[in-house]
Each structure stands twice: as C-alpha cells, then as structure tokens.
Amino acid sequence: MSRMDRYKDIHEESQQASKQSLFQRKRREGERRSQNNQEPSFYEENTEQPVYNISKKNKKKKQVPYNKGGKPKKRKKHRFLRFIIKLLLLLLIYSGFSFFLGQFVAKMDTDTPQQMETFNGFTSSSGANNILLIGNDSRDGETARADTIMVLQLDGPAKKPKLISFMRDTLVTIPDVGENKINAAYAYGGAELVRTTLSQNFGIEAKYYMTVDFKTFEKTIDTLFPSGVYIDAEKDMSKYIEVAIEKGPQKMDGLTLLQYARFRMDKEGDFGRVRRQQQVMNGVFSEMKNPLAILKLPYAAGKVLGYTSTDLSTAFLLRNTFSIAKGAGGVDRLSIPVENSWNYGESYAVGSYIMVDSEMNRQAIHDFLAK
C-alpha cells in the first residue's frame, strides 16, 4: 500500500468517526431534552434532517366559517352595519340639502320680509334654553303689539316640550316704561323688552326668540302640513273672523287655524283664546307623528326659519330632535295667570286689564318647569 492510499484511508476513517461522534452527541442531547420535556430545536431524534420550530408569536390564521355547501358564510352583521351607516349618511345629506333649500326659498319670498331683532337671551338657572314665541298683529307698518306671548321649553329637566302662555292683558311692570299690559312691551321695545319684562315679573328667562306675523303663520302651517292640522273645534265661530268655523273635529289650513287661535269674541275672552292657542300648538306637535311630515320636516323647518324673525340655531334644533318628537304624544301646558291668582281691573291709561299675584304665578312657573 502506497503512502497516499494509507493517508486516504486514515482521512476517511477520521471523517466517519467525526460523523459518528457528532451523531452520538446530537442523540445524547435529544435524549437529555426529552427527559426535561423539551423538544429538539434543530434535529429530530434519529435523523439528521433539520426541524424548524414554529415561533409562538406566529398567530394562527382565523378559519373562515363554511356553510354545508362548502361556500364561506357571509358576515351578515358587518354588512348590516355598513348598510345602516350608509343610510344615515344619505339621510344626513338629504336633511341638510332640504333644510337649506327651504330656507333659501323662504328668504327669496319678498311678500313676507323678516328683520332680525336685538335679543340678549339668557340660559335659565335649570340649564334650559327657553324659546320666546311672539305672534304680532302688525299690519302695513303699524306699531305692533304682541297678539300672542308664549315660552317654549325643549331642553329642560323633563326633556319634553313644555309650553307657557301669558294673557296679553296681564298688567305688569315694563322696564323703563312703567305699568302696562304685557303685550305693550313688544310695541315699546320688541322681543328684547318682552324678555326682560317676563324675567322681571315672573322670573323666567329665554335664550332664543321667534316672532311670527299673520302672513308668516299661515305660510308656515301650509308648508309644514299641506293637508292641514287636526283640531277638534270647541264651538261655532263667525264673529270678527275671516273664515267661519263649525264645532267639531276637522283639518284646518293656515288661515283657518289662525282665525281659530285668535278668536275671543265670547264670554271667556282672552282666557278662551289662550286655551285654544295651546290647543293649536298641541295639534301642530301631534302632526309630527305622520311619517310623511317627518320626511318633509327638514325642508319645512328651513322654510319656517326663513319666514320668521328668529335667532334659533340649526344645531339647537338638531340637539332637541328627540324632545320635539316626544311632543307628538302631547305637550305639557300652563296658562298665566293661574287659577285664583288674578282679578279684573280698569284704568284710564291702560283700559281693562288683569291684575295678577306675581309671586304666586312665579312659583307656579317654577313648579311646572321643574317636573
């Protein structure tokens, strides 16, 4: 045997021993790991092929649920949620467009021009932002007196509409004017003076105002409710009104509803008229139950705000949509003066008036709004 052959054999024997030594070392390591409940990380037992560990950090993919037919199940819940979101977006776009369209149409109507008034409203102590509603009987530039004075509360403790009406002949102290009927406050200083008069005499604050004249009222009702407002008329009426009204349930358009609300040529006088005005407001809220009226509401609301002189914000109306909807079931109402708190009086300067117990009525208002 040559020297080269001998070295070759020695080299092969060395490599074989090295492999056997490595295999035995790996085998012993595997046995030791199995005794310690550990799994080999690189070689499996009795094999030289590498086995790669799967890291615990790798998360298993979620299995897609399958129907019996082998088709994957649709995520119905997510599809329904996406549908609701899309529907709400469409309603929001529709409402916004309809509102501003109605407002634009009303402002372009030169037959009922409206001018903004100075009004320094205050939030009441309960946190409510009351709305002062004034219906005036101005005609062709005449000095207007308030034909109707109401305070509407939407965002008070009860979270439902509450309406307070004030008799127009109630004798009060008008700031910087003196004693006079409450309806004269509007003629002397507009909505702002009516607000301060109510605050000083009855302790009720108003944050916003809305004034409506006769033409505006008619157009507002006809816009909101083209088919009319349901009213159960208390009696037959024909004296000093433009449209004769028969007793009983009926649908009234804007003009008829206005005549019904203003009538006072009977023994009850202003007391009966205030009651009917509250009945009219209740009827208006009740009409909101009609689904068609709800769809038309954004356009009608924009048109109403365009026709009227008001500082009411769109945001305030949106925030109190739920409260307005609750009014469809009925509006809580209070008339001032309350029972057993007044007497008739008369003077040369003022004429006939109603003398009231201010403190008793102030407490009645507080109790009414606190419920």
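This is a predicted model: local features need pLDDT of at least 70, side-chain atom pairs count only at pLDDT 80 or more; totals for chains, interfaces and linings use all residues.
Q: What makes helix 6 largely enclosed by the rest of the structure?
A: Of its 17 residues, 13 are buried, so helix 6 is largely enclosed. To count as buried, a residue has to be under 20% relative accessible area.

Q: Why is Gln 278 called buried?
A: Gln 278 sits in helix 6, which covers residues 270–286. Its relative accessible area is 5%, and buried means under 20%, so Gln 278 is buried.

Q: Which residues does Gln 278 contact, leaving aside its neighbours within four places in sequence?
A: They are Met 150, Leu 163, Ser 165, Arg 333, Leu 334 and Ser 335.

Q: What makes the pair Gln 278 and Ser 335 a polar contact?
A: Their side chains are joined at 3.4 Å, and a polar contact needs N or O atoms within 3.5 Å. The pair therefore meets the distance cut-off.

Q: How many salt bridges does a search of the whole structure find?
A: The search finds 17. Here are a few of them, one by one.

Q: How do you know that Arg 262 and Asp 147 form a salt bridge?
A: Their closest N and O atoms are 3.1 Å apart, and the limit is 4 Å, so the pair qualifies as a salt bridge. It links distant parts of the chain, with Arg 262 in helix 5 (residues 254–262) and Asp 147 in strand 2 (residues 146–153), 115 residues apart.

Q: Are the two partners Arg 262 and Asp 147 buried or partly exposed?
A: Arg 262 has 23% relative accessibility and counts as partly exposed, whereas Asp 147 has a relative accessible area of 5% and is buried.

Q: What makes Lys 160 and Asp 332 a salt bridge?
A: The side chains meet at 3.7 Å, N to O, and a salt bridge has to be within 4 Å. The pair therefore counts as one.

Q: Why can this pair, Lys 160 and Asp 332, be said to tie together parts of the chain?
A: Lys 160 lies in the loop between strand 2 and strand 3 (162–166), while Asp 332 is in strand 10 (residues 332–336), so the bridge ties together parts that are 172 residues apart in sequence. Lys 160, at 22%, is partly exposed, and so is Asp 332, at 27%.

Q: How do you know that Glu 268 and Arg 275 form a salt bridge?
A: The closest N and O atoms of the two are 2.8 Å apart; that is within 4 Å, so the pair is a salt bridge. Glu 268 is partly exposed at 33%, and Arg 275 is partly exposed at 32%.

Q: Which residues are linked in a network of salt bridges?
A: The network links Glu 234, Lys 235, Asp 266, Glu 268, Arg 275 and Arg 276.

Q: What does the side chain of Asp 311 reach?
A: It reaches the backbone nitrogen of Tyr 209 at 2.9 Å. Tyr 209 is also among the residues that Asp 311 touches, including Met 116 and Phe 119.

Definitions and conventions: Residues are numbered from 1 along each chain as its sequence is written. Side-chain values use heavy atoms; hydrogens and water are left out. Helices (H or I, at least four residues) and strands (E, at least two) are DSSP runs, numbered from the N terminus. Buried means under 20% relative accessible area, exposed over 50%, partly exposed in between (1.4 Å probe, protein chains only). A polar contact is a pair of N or O atoms within 3.5 Å; within protein, one must be able to donate a hydrogen and the other to accept it, and residues adjacent in sequence count only if both atoms are side-chain atoms. Contact means heavy atoms within 4.5 Å.
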